[in-house]
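Subject: Handover of a structure and notes on what it contains

Dear colleague,

Please find the structure below, followed by a short account of what was found in it. I would be grateful if you could read the two side by side.

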Amino acid sequence: MATTIDSPRAPYSVPRKRGVNWEKWGWIYMRASGVVLIVLIFGHLFVNLVMGDGVKGIDFAFVAGKWASPFWQVWDLLMLWLAFIHGGNGMRTIVNDYATRPLTRKILLGAILVSVVAEIILGTWVIFGFDPCPAGSPADVLPSFCPVV
Amino acid sequence: MTLVADAPASGPAPEAPIEAFTVTLIIRRFDPDVDEEPRWQDFDVQMFATDRILDALHKIKWEQDGSLTFRRSCAHGICGSDAMRINGRNRLACKTLIKDLDITKPIYVEAIKGLPLEKDLIVDMDPFFESFREVQPFLQSNTAPPKDKERIQSVADRARFDDTTKCILCAACTSSCPVFWTDGQYFGPAAIVNAHRFIFDSRDEAAQTRLDILNDKEGVWRCRTTFNCTDACPRGIQVTQAIAEVKQAIMRGKP
């Protein structure tokens, strides 16, 4: 005959940590951004290196022409942010796995954070603050839509 | 050997003596009373191809150096006492045959990594069992079973966790994990395997608690899918797959 006895002691309760579970979202981010980056990077490589004149077609005018379109601005911006955070998070996990001394770990993680933030700010600034028609440049290196001075 | 080549011709054809090989073992020794640092010591033993590394260790201990220290109990791959690093791979000494190793070179034997070394091939298993206990590896149910009956389970429900029931807690997987080597806080593959055993058991009712425990900073997200654990498991458990299933269960929010 089955009898039910009371729990011999208070049930174990996990101290729930408040806030966002960064490890879990980091893990999900790596997979999601990885899939998107495959499309973005291979699309980027195809458009820059294969289409049209291929690698020989890349010059100032080519880049300026691309960034004149909001489509390529968004494309490059997404690639920049996703790739840098993806790479930075990957480096962070490697440091966590292999740096044993707390000080080494702190220095390396700090260096990764600073470089990722700096590169993202710099890259975003370049994409949006880019002047396709700098004054005083010879017309043959500029994109065709620049006004003739 | 009792069979010799010059046996009487009238008898059955004499069997060729079984070929024995001289095998060199280089063992990482550590005696905490004497040594500051572990040291490598080599031994030559006569072995047959069908002998195991455990037999070689026995021969050394019984015939050459009685101070050699290692754990073993059943010697047949069930108790999980004699996991050690053999030629750089975590194996059970009692399941590793001489014929499967390249005996033209010395065989390196050392204690498993990532756990505190106590003596020769013996490590302190307490941290390993501590994280095993933390995942609550026992059936928890708040409801009584059907009257005068066991808790019935379908074949499909049982099959979900069949693989992870095979664990013998030898620590070969956990001590092969590079994340565990540098971060002893990580639960390690063996604890996750044993959590998997109960998380996916339809009779158990504490799956959510275990998923919360493993959804920790030092939980399943630290797994880098190196597959060292799957390679090391002497029971052939697909450890990395079990960890991935726990990750998916955490994302789903239910087993």
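Helices (H or I, at least four residues) and strands (E, at least two) are DSSP runs, numbered from the N terminus. This is a predicted model, in which local features need pLDDT of at least 70 and side-chain atom pairs count only at pLDDT 80 or more, while totals for chains, interfaces and linings use all residues. Residues are numbered from 1 along each chain as its sequence is written, and chains are lettered from A and ligands numbered from 1 in the order in which they are written.

Two loop residues of chain B

Thr225(B) lies in the loop that runs between helix 6 (207-214) and helix 7 (228-232) of chain B. Its phi is near 45°, a positive value in a residue other than glycine. Thr225(B) has 12 C-beta neighbours inside 10 Å and therefore counts as exposed. (A residue is buried if 20 or more other C-beta atoms, placed from the backbone, lie within 10 Å of its own, exposed if 12 or fewer, and partly exposed in between.)

Ala75(B) also has a positive phi, of about 65°, although it is not a glycine. Ala75(B) belongs to the loop between helix 1 (53-64) and strand 3 (83-86) of chain B. With 17 other C-beta atoms within 10 Å, Ala75(B) is partly exposed.

A helix pair in chain B

Helix 5 (residues 189-199) and helix 6 of chain B pack at an angle of about 155°, with their axes 9 Å apart. (Axes are lines fitted to C-alpha atoms, for helices over the stretch in contact, and angles run from 0 to 180 degrees between N-to-C directions.) The two helices of chain B are therefore roughly antiparallel to each other, a term used for angles over 145 degrees. Residues of helix 5 of chain B in this contact include Ile192(B) and Phe198(B), and those of helix 6 of chain B include Arg210(B) and Leu211(B). (Two residues are in contact if their C-beta atoms, placed from the backbone, lie within 7 Å.)

Chain A has four helices and zero strands. Of its 149 residues, 1% count as buried.

The contact between the chains takes twelve residues from chain A and 15 residues from chain B. On the side of chain A that touches chain B, helix 1 (22-50) and helix 3 (70-98) of chain A each supply at least two residues. Helix 1 of chain A gives the most, with three residues.

With kind regards

Notes:
Angles under 35 degrees count as roughly parallel, over 145 as roughly antiparallel, 65 to 115 as roughly perpendicular and the rest as oblique.
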